[in-house]
Amino acid sequence: MNIKRAKQEIKDTIAAYLLKDEYGEYVIPQIRQRPVLLLGAPGIGKTQIMEQIAKECGIGLVSYTITHHTRQSAIGLPFVSKQSFGGREYTVTEYTMSEIVAAVYEKMEKTGLSEGILFIDEINCVSETLAPAMLQFLQCKTFGSHEIPQGWIIVAAGNPPEYNKSVREFDVVTMDRVKKIEVEPDFAVWKEYALLTQLHPAVIAYLNARTGNFYKMETTVDGRKFATPRGWEDLSQMLIVYEKLGLKMDREVIIQYVQHEKVAKDFANYLELYEKYQMDYQLDAVLAGTIDPILLKKAANASFDERLSVVSLILSRCRMEFANVIRQEQLVIMLYDQLKIVKEGLLGAHGGQAAVFVKEIAQSFQAETQNKKTAELLTREEERLRRKAGDLLEAYAQKLAKAGTQSAEQAMTLIKEWFDARQDELERQQGDAGQMLEHAFDFLEAAFGAGQEMVIFITELNNDYYSVRFLQNCECERYYRYNKELLFEESSRAIEARLRAMGR
C-alpha cells in the first residue's frame, strides 16, 4: 500500500488499541495489541509519518534507531541482588532499566502524555547479540525485565533485504505476533504532501513531468545509485534556502541529495531551464495584468515541455499566494478566539485593568503554545501561527497601556478597531489573490485557449489543499466554468469506456 494508506491504517490501529471500556480498561489488552511492523524501501517517509500520526492523535512519540544501540543500552546493565526462596537467600542477576524504556517514562514526565508510540526503526538490522532481545520485545513488549508502559503502542520499521545487507529475517513465530504493513513509493501521495508543505515548485514540476525519477534504485558495478522521496524533499528545502541566500545550485550540489548521476544531471538541466523561463516570461508582470503579445506568441509556439513549465510557474505563484491567504485566515480566526476570552474578562472583573488583563491572556496563550511544543503536538506551521497570534495579543496590551487607563467598553472599542484593520488587510489579500488568478486565466486563454494546458492548470488547482481552500470562497467564474467542463469531459470518457467494455 502507499504511505498515505499506511498512515491511516496505523491511526486506526492506535484508535482501536487505546479504546477503553466503561471501567477504564483497554478493550484490547496490551498482550493482544500486536506491534505494527512497517516494511518498505528506504526514504519513502516511514519515520516522517510517525511524527505526523503522534501530532494528529495527540499522543507522545519516542523514536529510536535500534542499529545505534548495543545489547546493554537496549536491555539494561546486569547487577546482582538477593532474593529469598523457600526460606533461603539467593543471589540473582537483575537488569537496570533499559535506556529505551526509561525514555518512554521521561517523555511521559516531560509532556504529561500517558499514551504514545514507541517507534523502533531498522528493527530487522540489529546485531546478532541484540537480535534475541528484539524478538522478545516484539513478542512480549519488554526490554530485558522491564515492560513498555500500558497505553504505549509499539511501531517498528525496517527495509526489505534487497536494500540492506544487514537485514535479518524474522521467523514465523515472531511474524505471527505482529501487524505487518508493506509500503511502496507512490508519487501521487507524495505530491499531495509536497504541495501541502510547499516544497520547491521546480522539484514538484520536474517530478510531475518525470514521475519515473521520483523513486529510482539501481545496482551498478560502481555501487547503488538512487533517488528517493527523502532526497527530493531535502533537496527542495536546500534549494529554497539557496535562493534566499542568492546562491546557485548546480549538478554537484544536486547529486549530494539525489544520488543518481543521470537523474541529478537531468534535474540540473531542468532547473536551469525553469529559472530561464521564469525570467523570459516576465511572470510578475503577467500576474499583475500586463501581457506582452510577443510573450503570447512565444508561449503558443513553445515545445510541450516549455509550455508545461510555464503553467507550473504560474501555478506555483498562485499556490503561494493562496497559501499566504489561508494562513492569514487561520491567524485571524485564532486571534478572534482569544479576543472573545478578552471580551468576556474585560466586561467582568477586569474592567479597569484592560492592558494587564490582555497581557495575562497573551502570556497564558503563549504558555499553552510552549506546552504543546514541548509535547511535540504542533507542526512548525501551527507553532508559527500561534506565536504570531501571541505577539499580536502582546502588541494590543502594549497599545492599551500606552493609551492610558480605559474602561472595558473603551478598551474593547480600541481592540475592535485594531482587529477590524487586520480583517481589512485579509480582505485586501484575498482580493489580490483573486485578481492574480484572473490574470493567470487571461494569459492561459490568450496563449493556449482551452487546450491541454488549461486542463493541467485546473487539475493541479483541484489537487492542491491551499488552492481548494481558497477557491471555496472565491468567485472566479472561469475556474468554475472550466472545472465543470473538465468534469463533464471526464464523465463522458468514463461512460464511453463502460459502453466499449460492454461491447456496444
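Predicted model: local features only at pLDDT ≥ 70, side-chain atom pairs only at ≥ 80, totals over all residues.

Visitor: Which other strand pairs with β5, and over how many bridges?

Guide: That is β2, which joins β5 (residues 116-121) in the parallel sense over six bridges. Here Val62 has Leu118 of β5 as its bridge partner.

Visitor: What is the order of the strands in the sheet?

Guide: The sheet is open and has five strands, in the order β2-β5-β8-β1-β9, with parallel pairing. From one strand to the next, the twist averages 20 degrees.

Visitor: Why are β2 and β9 called edge strands?

Guide: Because β2 (60-65) and β9 (179-183) each pair on one side only.

Visitor: How do you know whether β5 is enclosed or open to the outside?

Guide: Six of the six residues of β5 are buried, so the strand is largely enclosed by the rest of the structure. In a regular strand the side chains alternate between the two faces of the sheet. For β5, Gly116, Leu118 and Ile120 are buried on one side, while Ile117, Phe119 and Asp121 are buried on the other.

Visitor: What lies across this part of the sheet?

Guide: Helix α4 (residues 99-111) does, lying across β2, β5 and β8 (152-158). The helix runs at about 155 degrees to β2.

Visitor: Let us turn to charged residues. What makes Lys191 and Glu460 a salt bridge?

Guide: The cut-off is a side-chain nitrogen of Lys or Arg within 4 Å of a carboxyl oxygen of Asp or Glu. The closest N and O atoms of Lys191 and Glu460 are 2.6 Å apart, so this pair qualifies. Lys191 sits in helix α7 (residues 187-196) and Glu460 in helix α18 (residues 452-462), so their bridge ties together parts that are 269 residues apart in sequence.

Visitor: Are Lys191 and Glu460 buried or exposed, and how do you know?

Guide: Buried means under 20% relative accessible area. Lys191 has 9%, so it counts as buried, and Glu460 has 8%, so it counts as buried too.

Visitor: How many salt bridges does a search of the whole structure find?

Guide: The search finds 30. One of the pairs is Asp280 with Lys276, whose closest N and O atoms are 2.6 Å apart. These two are four residues apart in helix α11 (residues 261-280), and therefore separated by about one helical turn.

Visitor: Why is Lys276 called partly exposed?

Guide: Partly exposed covers the range between the buried cut-off of 20% and the exposed cut-off of 50%. Lys276 is at 41%, so it falls in that range.

Visitor: What makes Glu477 and Arg481 a salt bridge?

Guide: Their closest N and O atoms are 2.9 Å apart, and the cut-off is 4 Å, so the pair counts. Glu477 and Arg481 lie four residues apart in helix α20 (residues 477-501), which means about one helical turn between them. Glu477 is partly exposed at 48% relative accessibility, and Arg481 is partly exposed at 32%.

Visitor: Which residues are linked in a network of salt bridges?

Guide: Glu438, Asp442, Glu445 and Arg478 are.

Visitor: How do you know whether Ser467 is buried or exposed?

Guide: Its relative accessibility is 0%, so Ser467 counts as buried. Ser467 belongs to helix α19 (residues 465-471). Beyond its neighbours within four places in sequence, Ser467 is in contact with Arg319, Phe322 and Leu461. The C-alpha atoms of Ser467 and Leu315 are separated by 9.6 Å, although these residues are 152 apart along the chain.

Visitor: And what makes up the nonpolar patch on the surface?

Guide: Val241, Leu245 and Leu247 form it, with about 280 Å² of accessible area together. Leu247 lies in the loop between α9 (229-245) and α10 (251-254). A patch residue needs over 30% relative accessible area. Leu247 has 45%, so it counts as partly exposed.

Note on methods:
Residues numbered from 1 in each chain as written. Heavy atoms only, no water. Patch = residues over 30% accessible without salt bridge, like charges linked within 9 Å, V, L, I, M, F, W, Y side chains within 5 Å. Areas by Shrake-Rupley, 256 points an atom, 1.4 Å probe, with all protein chains shown as cover. Buried < 20%, exposed > 50% of the residue type's maximum accessible area, 1.4 Å probe, protein only. Pairing = 2+ DSSP bridges. Axes fitted to C-alpha atoms, helices over the stretch in contact; angles between N-to-C directions. Contact = heavy atoms within 4.5 Å.
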